[in-house]
Amino acid sequence: MTTKKAKTELVQITASPIPPWHQSTEFTTSCPVFYVESVIKGNKMPGGMESARGNEVHRTAAAITAYCALKKVPMDLIAFDNLSKGAGPVAAKILSGMRESFSVDWQHLVATELPMSLDENFQPTDVVEAIDGICTDSGKPAHYSGVLDALYGFRDELRAGITDYKSHPRPFDPAETLQAKTYTVFVLAHFPWVQTVTFTLTFVRYKNLTRSVTYTRQDLPMLIDAIKSNRERQISIHVDYDAGKEMQAVAGGHCIYCPMLANATCPIAAWNPAMQLTPEQRLNFNLFYSQFSKANNKAMKEHVQETGRDIRLTDFNGKAYTYGPVPSESEVYPLFKATADGVETDGNRLVMPVVDLLSDYAYAAPEDSAWLGKIQISSTSIKSYLKTKRRAVLDLACDDVVEKVTKVKLAVSRPLETLPDEVTDEDEEEEF
Ligand code: SF4
């Protein structure tokens, strides 16, 4: 279903002004009706996406980063606490989580909260004072704009790093965002000496949880193509709207921020999955479904186990399904070489076949050895052997070298006696 420009608006003789592309544009253009409502007509949800830039988490992170650069220290907890004062409940909670792990590479910091813009031809424009003189300002209207939370420069390595703070509950990959591509192009356009840019999302709710993507100057054509295509989509929505064309509604994750979801005026309300159930009804359904699914799976398992036969079904479309044992094979790489009564040794040293191969490769190709630092033994694998009285000392020693990795999944809580306090202040707003 589509929605049309109101009749009274057809007399409009000027084109709707097209704002520069901003990181939220990728989100709002997902549904032309949403874009028209929130950007062209300006009916944004109160405290919506754009307000995030001003939230306390971003402000505090930028302020402490700038402070540390000024004082030439990686962190100052007293300053952190002072700069965090007055934050709302959600921000305070996030900031207290950030406090212990936040560290600033002050030697390489170029600027914080740095606005950057490019014109239609991807040339720097509206160049701000903080980086004035490093590139030519085209003086043309901005077509792409954004604010970098923190920019780092590594001149010797011809490399730059961008840090963007996110308070999303669930981490995501920056390679899937246009923000990473656009901000990389901002830096490549403003700093001609930069050959490589690493864009890092820092998920401030969690300790040491970051996701990065690296692009080089060779990627520039691909990056520009990706950004241009979203800009063209934005422009085409304006052109269609100005021409009085019917605008299409497209449902998706973006609906949650759409004012037409909130006031139930979405033109595809009857079909939009986001409008069929409330979040509470969905959680209720989830609880029912997981209980039902457990009982159902148990009954099916018992049937297969007792009868020794698969359960078989052909649906009304003629597709066949079975439930029964499905063998699968997984591959593991043993750390040591097992013998009948121990592990193989080579002189004074235990034989480690895979490690030896990897070591040989690292010495032969040192320029391609960084990934070796990311290979790990899973804690489940090693802990199952260390958790015995006899190996308690070894277990403690291993604890000294263990690295904590934060992973996040969205999950239903265990049954709670009372609901935890709900915090709904504006710090909860996200930036897209
Ligand atoms: S609620 Fe409707 S109008 Fe709003 S973004 Fe979703 S589909 Fe588009």
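At roughly what angle do the axes of helix H6 and helix H7 cross? The first view answers this.

**View 1. Helix H6 crosses helix H7.** This is a predicted model: local features need pLDDT of at least 70, side-chain atom pairs count only at pLDDT 80 or more, and totals for chains, interfaces and linings use all residues. Residues are numbered from 1 along each chain as its sequence is written. Helices are DSSP runs (H or I, at least four residues), numbered from the N terminus. H6 spans residues 178–190 and H7 spans residues 220–242. Their axes cross at roughly 120° and come within 9 Å. Axes are lines fitted to C-alpha atoms over the stretch in contact, and angles run from 0 to 180 degrees between N-to-C directions. H6 and H7 are therefore oblique to each other (under 35 degrees is roughly parallel, over 145 roughly antiparallel, 65 to 115 roughly perpendicular, the rest oblique).

**View 2. Residues of H6 meet residues of H7.** From H6 come Leu-178, Lys-181, Thr-182, Thr-184, Val-185 and Leu-188. From H7 come Leu-220, Leu-223, Ile-224, Ala-226, Ile-227 and Asn-230. Contact means C-beta atoms, placed from the backbone, within 7 Å. By class, this contact has 8 nonpolar, 3 polar and 1 charged residues. Ala, Val, Leu, Ile, Met, Phe, Trp, Tyr, Cys and Pro count as nonpolar, Asp, Glu, Lys and Arg as charged, and the others, Gly among them, as polar.

**View 3. Helix H3 packs with helix H4.** H3 covers residues 56–71 and H4 covers residues 77–84. The angle is about 145°, with the axes 10 Å apart. Thr-60, Ala-63, Ile-64 and Tyr-67 of H3 make the contact with Ala-79, Phe-80, Leu-83 and Ser-84 of H4. That contact has 6 nonpolar, 2 polar and no charged residues.

View 4. Helix H2 (32–40) and helix H8 (259–262) each supply at least two shell residues.

Notes:
A crossing is left-handed if the near helix is turned anticlockwise from the far one by less than a right angle, and right-handed if clockwise. Two residues are in contact if their C-beta atoms, placed from the backbone, lie within 7 Å.
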